[in-house]
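Please keep the sequence and the coordinates at hand while reading.

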Amino acid sequence: MNALDDSAAAGDAAQSGAEGDRRYREMLGAGLDLLDQGVTVFDADLRMVAWNAAFLRLLEFPAELARPGVSFDDFIRYNARRGEYGPGDPEAQVAERVTRARSFQAHTTERVRPNGQVLLIRGAPLPHRGFITLYTDITEERRAQAELEEHIRVRTEALTRANAELTAAVESNKAIAAALQRSEQRLREITDAIPAAVAYFDQNWTYRYANKGYAEWFGWSAERIEGRSIREVIGQEVFDIVSPYVTRALAGERMAYEYTLTGRDGGPAHARSTLVPDFGADGQVIGCYVHSVDITEPRRTQMALSQAQKMEAIGQLTGGLAHDFNNMLTVVMGNLAALRENHPQDPLTENFVEPAMQAAHRGAELIRRLLSFARKQPLEARPVEVNELILGMSKLIRRSLPGTIAVSTESREPCLVALVDEHQLENALLNLALNARDAMPNGGELRIESSLETLSPSAAADLEVPPGPYVQIAVTDNGMGMDGSTLARVFEPFFTTKQFGMGSGLGMSMVYGFVKQSGGGVRIRSRQARGTTVALLLPWVEDTADSEVVPVGAPVSEADLAGKLVLLAEDDADVRTVVRMQLAELGCAVVEAENGAEAADMVENIPAIALVISDVVMPGDMDGRALARFVRRFRPELPVVLMSGFADSAAAFDADLALPLLAKPFTRDKLLAALGPLAA
């Protein structure tokens with residue numbers, strides 16, 4: 001390759017990298033825009049790295065101001081000039097805030113904008129001295145708190161006045177005492193109906209009042225709480241968290257904080273509380289009002305969104321890596337195969353080429369698993385009777401497990417048909433069975449159960465699938481189980497709890513990716529020393545009587561391709577060389593194109609072209625699918641085969657194309673199998 005070729009290759013690589021960066025930034029931006037909170041990320045030089053639409057909306061910044069590399073002080077100066085920080089010298093206000101930002105210290109502040117909007121601003125430092133800031137509109141929350149405080153103040157004043165009036169006449173006017181009792185009862189009924197936890201404690205840290213919601217939150221009744229200490233009611237775990245805030249509130253400072261405790265269902269529960277000091281006539285604090293809100297569900301939703309975004313980002317990364325490695329393996333395997341065929345009697349072939357070829361095949365299998373997790377492998381989905389498949393797989397599973405593990409199967413429905421790739425489902429079940437084996441080193445029981453499950457809208461939303469009926473396959477063992485930290489990472493690629501060299505860490509990620517790509521979801525439950533259940537939910541097919549069965553094609557030979565002129569479109573020069581060599585060995589003449597536009601020009605001007613084989617992903621405006629559509633319009637009789645290092649079902653199998661896909665890396669025999677029927 002000469003210097004000009006090197007430059008062109010480098011240019012293509014840079015263009016491909018830039019395209020990847022653009023897609024990654026678009027993906028990240030789209031994910032951040034799903035958040036209701038505003039988000040900004042600045043680097044160590046206080047230059048903007050990332051933001052979302054909520055940030056611009058909440059702070060009313062113009063869209064043109066937000067772009068990568070914009071300085072932090074540009075935003076501060078924009079705010080200062082429009083009076084966001086009140087009267088004063090704008091440049092002095094800018095300097096003060098920029099200096100404070102350069103300290104990269106965690107901070108939480110509330111800022112009231114000139115329009116009355118209240119923002120909760122939380123900043124945290126990042127590695128390399130950058131920082132991330134979250135902006136939350138708490139205007140309505142503060143308004144609600146103010147209304148509650150005003151309501152409590154008004155009711156307290158009314159009660160005080162009533163008490164003063166009743167004290168003098170209590171013995172002579174029992175009717176007034178009864179009215180006071182009714183008033184207190186109505187006040188309790190009102191506070192019990194408020195969708196929040198409300199309480200009051202005095203300066204001795206003793207509860208004097210709690211509504212029904214507050215009492216039930218800590219497992220008490222409202223009557224039993226009165227007169228008890230804070231530590232006794234909330235327990236030591238929560239007391240250690242909130243006691244510093246109580247101390248400051250009883251000193252006259254209004255406090256707001258969040259905390260976590262063990263809920264009544266045994267899982268974590270989250271709350272946000274506000275403490276409002278109660279001042280006596282002499283100006284001294286005599287107690288505090290407590291206003292708490294259960295934020296468990298919003299927190300779970302936020303965590304689920306974060307996890308989904310993380311898994312999607314990992315999937316995008318692994319898919320891109322797999323594409324590049326498959327191109328490399330295509331070159332390696334193609335050249336090894338040529339070396340083996342040209343020197344069949346050479347003893348060095350067996351000693352060196354065969355181990356290298358086996359290693360390349362193992363690499364291809366590893367990449368296939370990565371693509372499975374990334375949901376970018378081609379699937380051959382068809383209606384599959386799940387009960388039959390499980391019965392067939394149970395025989396293989398029994399032979400793969402030691403005799404100390406009992407295997408049983410059960411179905412709740414006589415006929416369960418799922419739309420799925422049969423081979424990939426078998427691989428998934430075998431992976432789950434082998435994981436269960438490792439979790440039961442001393443033996444145990446493995447159960448495989450199938451059923452028809454109907455997902456409600458809320459359950460379907462948790463799995464990110466449409467509501468409705470699904471075929472569920474539950475694989476259960478009674479082994480060691482997993483703790484919470486392991487369970488949170490169980491689907492991440494390359495994560496494993498096995499000893500080094502005992503597992504790739506791709507088994508569960510492959511199962512997850514395959515099920516998600518099939519349009520289903522995965523549920524997993526596990527308890528230490530109790531066992532684990534992994535449930536696969538797959539799209540259900542009601543009636544397969546009219547399902548189309550694709551016949552197996554007749555064997556093809558090299559004679560079907562001999563003398564054919566094949567157009568090869570591939571942007572990777574090394575891959576192009578290997579595929580050209582394989583086509584030549586099949587007796588084909590080959591013309592090459594580096595991109596889709598060049599290939600389309602050849603289709604127009606070279607009538608002798610009999611077949612087109614094109615990579616799916618190519619630089620420029622015309623990729624492999626666009627080239628195939630062009631060929632369909634310009635020369636509809638011309639056969640087209642797509643090849644790719646990765647391709648999801650939407651990318652490679654468009655309904656209007658229905659083209660065969662040749663997955664990289666491939667051998668000459670697979671190439672012949674893909675091209676032969678088209679050339680016959």
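Tryptophan 205 is situated in the loop that joins strand E6 (197–202) to strand E7 (207–210). The model is a predicted one, and in it tryptophan 205 adopts a positive phi of about 65° although it is not a glycine. Its relative accessibility is 24%, so tryptophan 205 counts as partly exposed. Glutamate 464 is another residue of this kind: its phi is positive, at about 60°, although it is not a glycine. Glutamate 464 is placed in the loop between helix H14 (457–463) and strand E15 (468–477). With a relative accessibility of 54%, glutamate 464 counts as exposed, because exposed residues are those over 50%.

What separation do the end C-alpha atoms of H9 show, given its 21 residues? They are only 13 Å apart, whereas a straight helix would reach 30 Å at 1.5 Å a residue. H9 also contains a kink of about 105°, and this kink is centred on glutamine 236. Several residues of H9 are buried, among them Ile230, Val233, Ile234, Val238 and Phe239. Val242, Ser243, Val246, Ala249 and Leu250 of H9 are buried as well. Just after H9, glycine 252 takes a positive phi of about 105°.

How many cavities of 30 Å³ or more are counted? The count comes to two. The largest cavity has a volume of about 100 Å³, and 15 residues line it. Of these lining residues, Tyr207, Tyr214, Ile234, Val242 and Tyr257 lie nearest the centre of the largest cavity. The elements that give two or more residues to this lining are helix H9 (230–250), strand E8 (255–262), strand E9 (268–279) and strand E10 (285–294). H9 supplies the largest share, five residues. By class, the lining has 13 nonpolar and two polar residues, and no charged ones.

The second largest cavity holds about 40 Å³ of space. Its lining is made up of Gly334, Ala337, Ala338, Glu341, Met581, Gln582, Glu585 and Arg668. Helix H10 (296–342) and helix H17 (573–585) each supply at least two residues of this lining, and the largest share, four residues, comes from H10. Which classes of residue line the second largest cavity? Three residues are nonpolar, two are polar and three are charged.

Charged residues also form pairs elsewhere in the model. Side chains of opposite charge can pair when their charged atoms come close. In total, 31 salt bridges are counted. One of them involves arginine 153 and glutamate 157, whose closest N and O atoms are 2.5 Å apart. Both residues belong to helix H5 (residues 139–169), where they are four residues apart, about one turn of the helix. Arginine 153 is partly exposed, with a relative accessible area of 37%, and glutamate 157 is partly exposed at 36%.

Arginine 97 forms a salt bridge with glutamate 96, in which the closest N and O atoms are 3.9 Å apart. Why does this separation still qualify as a salt bridge? The cut-off is 4 Å, so the 3.9 Å between these atoms falls within it. Glutamate 96 counts as partly exposed, at 45% relative accessibility. Salt bridges also link Glu60, Arg82, Glu84, Arg111 and Arg113 in a network.

One last arginine concerns the backbone. Arginine 57 is found in helix H2 (residues 53–59), and at 53% relative accessibility arginine 57 counts as exposed. The C-alpha atom of arginine 57 is separated by 8.1 Å from that of glycine 38, and these two residues are 19 residues apart along the chain.

Note on methods:
Residues are numbered from 1 along each chain as its sequence is written. This is a predicted model: local features need pLDDT of at least 70, side-chain atom pairs count only at pLDDT 80 or more; totals for chains, interfaces and linings use all residues. Side-chain values use heavy atoms; hydrogens and water are left out. On a 1 Å grid over the protein atoms alone, a cavity is a set of points where a 1.4 Å probe fits but cannot get out, and a pocket is an open set with protein on both sides within 12 Å along at least five of seven lines; lining residues have an atom within 4 Å of a point. Grid points are joined across faces, edges and corners, and a volume is the space filled by probe spheres set on the points. Ala, Val, Leu, Ile, Met, Phe, Trp, Tyr, Cys and Pro count as nonpolar, Asp, Glu, Lys and Arg as charged, and the others, Gly among them, as polar. The expected span of a helix is 1.5 Å times one less than its number of residues. The bend at a residue is the angle between axes fitted to the seven residues ending there and the seven starting there. Buried means under 20% relative accessible area, exposed over 50%, partly exposed in between (1.4 Å probe, protein chains only). A salt bridge is a side-chain nitrogen of Lys or Arg within 4 Å of a carboxyl oxygen of Asp or Glu.
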